[in-house]
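Welcome! Take a moment to look over the model below, and then let us walk through it together.

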Amino acid sequence: MSKSLHKDICDKLRFSKLYEKYAQSMSTILYYKYGDLLNPSDKVQDAFIKLWENCAKVAPEAAKSYLYTVANNMMLNEVKHQKVVFKHQEVKPKDYTNETPEFMLRKKEFLKRYETALSTLKEEERVAFLLSKVDGKTHKEIAELLNITKKVAEHRIYAALNKLKDQLEELN
C-alpha cells in the first residue's frame, strides 16, 4: 500500500487516491451483501463524504476500516427503512411477457431455489462466491479485497459451490 495514503487524508490528492483504491471494491462488496435496490454505490459515496468531513478526526491507518464500517452501517439503516416502506407499499408485477407460462414458472422456481440456496451460505462464503462467479475476480483479487489469504478465498468459494450443488441439481 502506498505510504502517501498514510500521511494525511485531508489532503485532496491523497484523499483522491484513497477513493480510487477502495471505492469500487466497497461498492461491489455492498452490492453482494445487500443487493442493488439499496444503492450501494450511493452509500459508498456518502461514506467518503463523511470521511472527508471527519478527515482530521480519523487516523490515516484507520481510514479503510472507517469507510467500510460507515458504508455498511448506512446499508443497514437503509434496510431498516425499506422494511417500513415495504409494509406500506404494494409491488405490482408487470402483466405481460413474451415467455411461455411454463418457462416463466420454471425460471421463477429456479430463481427462488437459487436465492434460498444463496441465503443458506455463510456470509463470507456468499461474498467470495459472488465475487468469483459474478464479478469474475481471481482468487488472489478476492483475497486482497477481503483481507484474507488466497487459500481461505479458495476454500470459501469451493465450499459455497459444493453447498449450492447439493441444493440445486441443475448445477451438477
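## A helix in the middle of things

Let us begin with helix H5 (123-133). In H5, the residues Glu 125, Arg 126, Val 127, Ala 128, Phe 129, Leu 130, Leu 131 and Ser 132 are buried, where buried means under 20% relative accessible area, exposed means over 50% and partly exposed lies in between, using a 1.4 Å probe and protein chains only. Eight of the eleven residues of H5 are buried, so this helix is largely enclosed by the rest of the structure.

Which helices do the buried residues of H5 pack against? They pack against H1, helix H4 (101-120), H6 and H7, with a contact meaning heavy atoms within 4.5 Å.

## How to read this model

This is a predicted model, in which local features need pLDDT of at least 70 and side-chain atom pairs count only at pLDDT 80 or more, while totals for chains, interfaces and linings use all residues. Residues are numbered from 1 along each chain as its sequence is written, and side-chain values use heavy atoms, leaving out hydrogens and water.

## The whole chain

The chain has seven helices and zero strands; helices (H or I, at least four residues) and strands (E, at least two) are DSSP runs, numbered from the N terminus. The radius of gyration of the chain is 19 Å, well over the 16 Å that the globule rule gives for 172 residues, so the chain is more spread out than a compact globule. That radius is taken over C-alpha atoms, and the globule rule is 2.2 Å times the number of residues to the power 0.38. Along its principal axes, the C-alpha trace spans about 60 × 45 × 25 Å.

Buried residues make up 33% of the 172 residues. Of the contacts between residues at least 6 apart in sequence, 60% join residues at least 24 apart.

## Two nonpolar cores

A nonpolar core is a set of buried Ala, Val, Leu, Ile, Met, Phe, Trp, Tyr and Cys residues joined through side-chain atoms within 4.5 Å. The largest one here has 19 residues, and those that touch the most other members are Ile 9, Leu 18, Met 26, Phe 48, Leu 51 and Leu 67. Helix H1 (12-34), helix H2 (40-53) and helix H3 (63-87) each supply at least two residues of this core, and H1 gives the most, with six.

What does Phe 48 touch, not counting residues up to four places away in sequence? Its partners are Phe 15, Leu 18, Tyr 19, Tyr 22, Ala 23, Met 26 and Leu 67. There is also a second, separate core of 18 residues, which includes Val 127, Ala 128, Leu 164 and Leu 168. Val 127 and Ala 128 are also among the buried residues of H5.

Now for some loops. Asn 39 is found in the loop between H1 and H2, and its phi is near 55°, a positive value in a residue other than glycine. With 40% relative accessibility, Asn 39 counts as partly exposed. Asn 147 sits in the loop between helix H6 (139-146) and helix H7 (150-167). Asn 147 has a positive phi of about 55° although it is not a glycine, and it is exposed, with a relative accessible area of 56%.

Finally, Thr 138 lies in the loop between H5 and H6 and is partly exposed, at 42% relative accessible area. Thr 138 and Ser 65 are 73 residues apart in sequence and 23 Å apart in space, C-alpha to C-alpha.
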